[in-house]
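Dear colleague,

Please find the structure below for your records.

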Amino acid sequence: MPRNKSTPKIKKAKLTINENTYELPIYNSTEGESVIDISKLHSQAKLFTYDPGFTSTASCESKITFIDGDKGILRYRGYDIEELANKSDFIEVVNLLIYGDLPNKEQLKKYKKLITRHTLLHEQIINFFQGFRRDAHPMAMMVGVMGALSSFYQDTLDINDPHQRQEATRRIVAKSSTIGAMAYKYSIGQSFVSPKNNLSFSENFLHMCFSNTAEEYKISPILAKAMDTIFILHADHEQNASTSTVRLAGSSGANPFACIAAGVSSLWGPAHGGANQAALEMLEQIGSSKNIKKYINKAKNKKDKFKLMGFGHRVYKNYDPRAKILKKICQKVLKHIGIKNDPILKLAMDLEKIALKDKYFVEKKLYPNVDFYSGIILRAIGFPPEMFTVIFAISRTAGWTAQWTEMIEDPIQKIGRPRQLYSGNKLQKYGVKRSKKNTR
Ligand code: CMC
């Protein structure tokens, strides 16, 4: 039985190669597309499947997040993202993602206490930070310090012990916000601010970033809610690049801190979590609405590497539901801090309007994604662009740890090991040919 028993088998697909026909089981999803099981194909037909970028490949079975890209739907454990953004808070969402259903009042209270208890970092980690250059990107510090946690918390490295696994996930979620805030403080040359246990997760993050030894940061409930919503919206997104990286790293049995550090690295790229920083920098580069046409033309030009950052998505071929929520929050936040006419927000809205009518973007179904508006909000709260991806990483620790736990507990889990279409040399005789190029 190749799949979990919970996956109902509906029918078989037939694949004919030359004179041989192979029957491939099809499994129904509870919602969305079904999958064809090709796991026995190589042993039967001596062929691999070829799918660069995994555009047609389901790499695992999961009960955590559902996306309907055509309809613009995102749900965590069956709950619509908009409802969670309006009614829940980040720690409840973390609990939901990890445990599968909403906690009752007592469970939530206990869980919040546990997360709060874990926000402190080992004092030695401060020395670890001192090793970074002051101009290091905060994501470089996130990657390094997240991986280093495995040397500080050796009592939660045994992935076969469910108690240690749970404790590790709590440590990762809680400490990620402290590490992120420390990376920020280090990069601006201020001393670190300790977490405060009476604050919520989002308030505490704002406090650790913006309080200093001379002055306590006054937390506005509107900005704290905006921060919390950003955390909720980024908490999980199914089998994206960084989550798949976490699962692949974890499939070898690596410890959870090392796996999450791998996820942080993957998230850093501009096609993934780095797009929020890139989107704001792009808006600043465009500068004014009168330049929009020029940049839209650049984005459409195949010879030009320029892309509209914050536009397009592998899965959403409709408006990203997260972007819809953030657009509203963006207006609220700017109003709250007294920015009546933010030129960057105006430019973003003009750009969105023009792109959504442009034939190229319409035909390719390129809509604004979550990164289009998040940067404007984060900048208004007071974060520099380098911190945007760090904030994404802090939120995504929820999804990464939930997905990692699900993978470890999956009875059919095995080490991930893709194959390839080899197009290199056949056997060469040593020394017969040498390179004539001067480019190495
Ligand atoms: N600007 C201009 N053209 C684009 C864009 C864009 N932002 N996005 C896609 N296209 C074109 C692309 O050139 C391709 O054209 P053609 O079919 O002629 O070759 C077509 O649309 C399909 O795009 P793709 O690159 O094959 O799609 P993909 O699924 O491989 O990539 C993406 C998705 C998100 C990497 C891509 O849309 C992109 O680079 N967007 C900008 C970066 C960005 O905003 N990333 C954040 C993603 S959401 C947050 C997250 O999940 O991390």
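In which helix is Glu-406 found? Glu-406 belongs to helix α18; helices here are DSSP runs (H or I, at least four residues; strands are E, at least two), numbered from the N terminus.

Two remarks on the source come before the rest. This is a predicted model, in which local features need pLDDT of at least 70 and side-chain atom pairs count only at pLDDT 80 or more, while totals for chains, interfaces and linings use all residues. Residues are numbered from 1 along each chain as its sequence is written, and side-chain values use heavy atoms, with hydrogens and water left out.

Glu-406 counts as buried, at 18% relative accessibility. Buried means under 20% relative accessible area, exposed means over 50%, and partly exposed lies in between (1.4 Å probe, protein chains only). Leaving aside neighbours within four places in sequence, Glu-406 is in contact (heavy atoms within 4.5 Å) with Glu-61, Ser-62, Lys-63, Ile-64 and Arg-247.

Leu-97 lies in helix α3, residues 90–99, and is buried, with a relative accessible area of 0%.

Aromatic rings

A search of the whole structure finds 20 aromatic pairs. Rings of Phe, Tyr and Trp (its six-membered ring) pair if their centres lie within 6.5 Å; planes under 30 degrees apart count as stacked, over 60 as edge-to-face and the rest as tilted. One of the pairs is formed by Tyr-184 and Phe-210, which are edge-to-face, at 5.9 Å centre to centre and 75° between the planes. Tyr-184 lies in helix α7 (residues 162–187) and Phe-210 in helix α8 (residues 201–210), so this pair ties together parts that are 26 residues apart in sequence. Tyr-184 is buried at 8% relative accessibility, and Phe-210 is buried with a relative accessible area of 18%.

Phe-210 also forms a tilted pair with Phe-383, at 4.8 Å centre to centre and 50° between the planes. Because Phe-210 is in helix α8 and Phe-383 is in the loop between α17 (370–381) and α18 (388–409), the pair ties together parts that are 173 residues apart in sequence. Both Phe-210 and Phe-383 are buried. These residues belong to one aromatic cluster, formed by Phe-90, Tyr-184, Phe-201, Phe-205, Phe-210, Tyr-217, Phe-231 and Phe-383.

Packed helices

Two packed helices are described by the angle between their axes and the distance between the axes. Axes are lines fitted to C-alpha atoms, for helices over the stretch in contact, and angles run from 0 to 180 degrees between N-to-C directions.

The axes of helix α6 (residues 138–152) and α7 come within 9 Å and cross at roughly 140°. The contact is made by residues including Met-141, Val-145 and Leu-149 of α6 and Ile-172, Ile-179 and Ala-183 of α7.

Helix α9 (residues 221–233) and α17 pack at an angle of about 145°, with their axes 11 Å apart. Leu-223, Ala-226, Met-227 and Ile-230 of α9 make the contact with Ser-374, Ile-377, Leu-378 and Ile-381 of α17.

Yours sincerely
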